[in-house]
Amino acid sequence: MSEIEGIYTIWLREIIRYSRDKSRIASSFIQPLLLLLVLGSGFSFVRLGSLNYQTFLFPGIVVVSLVGVSIASGISVIWDREFGFLKEILVAPISRTSIFIGKALGGCTLALIQGVIVLSLSFILKVPLTFYSFLLSIGLMALISLSLVSIGLIIASLIETIESFGLIMNFIIFPLIFLSGAFFPLQEAPLWLKIVSLLNPLTYGVEAMRYNLIKISFVPFYLSLSIISTFTFFTILIGGIAFSKRK
Amino acid sequence: MNVIETFSLTKKFNDLIAVNNVSLKVREGEIFGLLGPNGAGKTTFISILCTLLKPTSGRAKVNGFDIEKEQNEVRRSIGIVFQDPSLDNRLTARENLEMHARLYGVPKEERKKRIEEVLKLVELEERANELVKNYSSGMKRRLEIARGLIHYPKVLFLDEPTLGLDPQTREHVWEYIKRLAERERITILLTTHYMEEADALCDRVAIMDYGKIIALGKPEKLKDKVGGDILVLEVKGKEKFLKEIRKIREIKKVHLIGNKISITVKNAERFAPKILEFARRNKIVVEAISIRKPSLGDVFLYYTGREIREEASEQKEVMKRRVRFL
């Protein structure tokens with residue numbers, strides 16, 4: 001009972017903090033919007049069969065928009081440690097697992113809010129959205145963001161200082177995004193790029209989302225779905241262990 | 001009844017023994033002080049008692065609960081004010097308190113009442129809805145004390161409660177702590193390297209050095225141990241003077257601290273003229289002389305031959321800063 005209250009408390013804190021941070025909110029919306037607008041319009045001459053590039057790009061952007069928020073919210077544990085608040089949570093009478101779950105659900109919620117807003121651009125882009133595909137999108141986004149928050153928490157328990165934060169964000173987030181097949185169709189990519197992209201777990205998130213929204217994909221939908229589910233399961237497991245093992 | 005009991009508690013970090021075989025008992029309702037220089041192991045000791053660190057060997061009980069086997073019960077029994085701030089700066093004071101109350105499972109009907117109660121206690125009611133970011137360090141410390149009390153702990157741990165506070169705020173915090181102990185009848189275990197603080201606040205003091213308890217008792221009793229008054233002299237020709245005064249019977253102990261000589265004697269007022277006369281006869285120039293009653297610092301000196309120095313902490317700070325720049 002008190003564990004659930006604890007999880008809720010940690011979750012609530014994430015939400016309150018996010019709602020106060022205006023610049024974070026603004027930047028997290030502007031980024032996907034810019035990508036969609038600039039890339040979508042810039043490459044509007046590209047046609048993929050009957051699709052225009054912007055429509056092709058859209059599902060990828062929905063997924064990519066989750067990456068920053070999710071990883072950042074996992075990694076924010078470093079800040080809690082630096083500013084001492086982590087100690088307050090660690091001596092409270094709740095288990096480490098509950099703290100982990102609260103953090104993960106908090107990050108996941110923030111990512112979902114962002115994802116749904118990006119998803120709502122489908123009306124402008126005239127990408128048809130049914131009730132079913134909307135629900136499936138939510139499910140996919142939850143899976144993807146849970147694994148990303150866990151990755152953030154794993155990173156946070158591995159590194160000691162805030163100084164390495166920027167470096168890590170650049171080293172992880174950019175390759176993760178650009179090699180996810182969000183920006184180009186994998187079937188047209190050269191072999192090396194195909195291989196590298198298929199090694200990137202985010203690719204399967206993008207693929208699944210693309211199939212869900214516009215019914216095309218390079219990797220079969222159920223294969224993508226099982227790969228991201230498995231990946232999410234293991235990142236949560238490893239994240240949970242890393243988090244509770246740490247002092 | 002003993003609220004805290006430790007049995008041969010020991011904590012090793014690789015080769016360093018931070019807490020060395022400490023056994024002590026803290027009684028219900030008392031303010032108990034751990035006095036010692038920086039690095040004596042005080043914070044490590046507290047961290048073990050509040051379940052943040054596991055002991056290497058030994059056992060401890062807090063409020064009757066074993067610190068290793070009954071972690072959650074121990075955690076529910078204690079409130080902690082850490083040495084470094086541990087508030088969420090982006091939340092308001094009230095939100096910080098609410099969060100804490102929830103984490104400790106304070107029932108919803110109770111929460112609001114208790115929050116008002118503790119806010120009043122530390123006189124922060126009027127600024128409760130401000131972000132903690134805008135608080136001064138004294139206010140933050142008060143808020144942390146308030147937070148530590150919301151779940152009605154049996155024991156309150158205060159780790160260096162006035163470190164880095166200005167003298168005025170420090171006295172305020174002292175007052176709060178005293179009033180708390182009286183009014184709420186909770187047991188307080190505090191660590192400090194300020195001997196005035198231990199003297200002003202504590203019913204009993206344990207002096208800690210290199211992880212060991214080297215003396216324990218009421219402050220007055222400990223000071224009595226020193227065995228008299230303290231006479232501090234500054235002289236020209238220390239070596240000769242030190243050699244000569246060995247001959248004087250009344251002197252109980254002599255310490256050389258920097259360029260000052262500290263002498264322990266039974267009755268310093270009557271002894272002072274004698275030593276001046278003695279110096280004159282031996283052609284030693286006395287530049288300054290002062291007399292005082294022994295402090296807990298002298299007790300530390302008595303047992304260790306060293307002073308509790310504050311420079312040590314400043315040095316550490318400088319080191320930290322340097323490391324950060326690298």
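This is a predicted model: local features need pLDDT of at least 70, side-chain atom pairs count only at pLDDT 80 or more; totals for chains, interfaces and linings use all residues.
A crossing of two helices is called right-handed if the near helix is turned clockwise from the far one by less than a right angle. That is the case for α6(A) and α8(A), whose crossing is right-handed.

- Helix α6 (residues 96-119) of chain A and helix α8 (residues 131-158) of chain A have axes that come within 8 Å and cross at roughly 135°.
- The two helices, α6(A) and α8(A), are therefore oblique to each other.
- On the α6(A) side, the residues making the contact include Phe100(A), Lys103(A) and Leu119(A).
- On the α8(A) side, Ser137(A), Met141(A) and Leu153(A) are among them.

**A sheet in chain B**
- Six strands of chain B form an open sheet with mixed pairing, in the order β7-β8-β9-β4-β10-β11.
- At the edges stand β7 (78-81) and β11 (212-217) of chain B, each with a single partner strand, so one side of each has no neighbour in the sheet.
- From one strand to the next, the twist averages 15°.
- Strands β4 (residues 31-35) and β9 (residues 187-192) of chain B run parallel and are joined by five bridges.
- Leu34(B) has Thr191(B) as its bridge partner in β9(B).
- Helix α5 (residues 137-149) of chain B packs on the sheet, where this helix touches β7 and β8 (155-159) of chain B.
- The direction of α5 of chain B makes about 170° with that of β7(B).

Methods: Residues are numbered from 1 along each chain as its sequence is written. Chains are lettered from A and ligands numbered from 1 in the order in which they are written. Axes are lines fitted to C-alpha atoms, for helices over the stretch in contact, and angles run from 0 to 180 degrees between N-to-C directions. Helices (H or I, at least four residues) and strands (E, at least two) are DSSP runs, numbered from the N terminus. Angles under 35 degrees count as roughly parallel, over 145 as roughly antiparallel, 65 to 115 as roughly perpendicular and the rest as oblique. Two residues are in contact if their C-beta atoms, placed from the backbone, lie within 7 Å. Two strands pair if DSSP finds at least two bridges between them.
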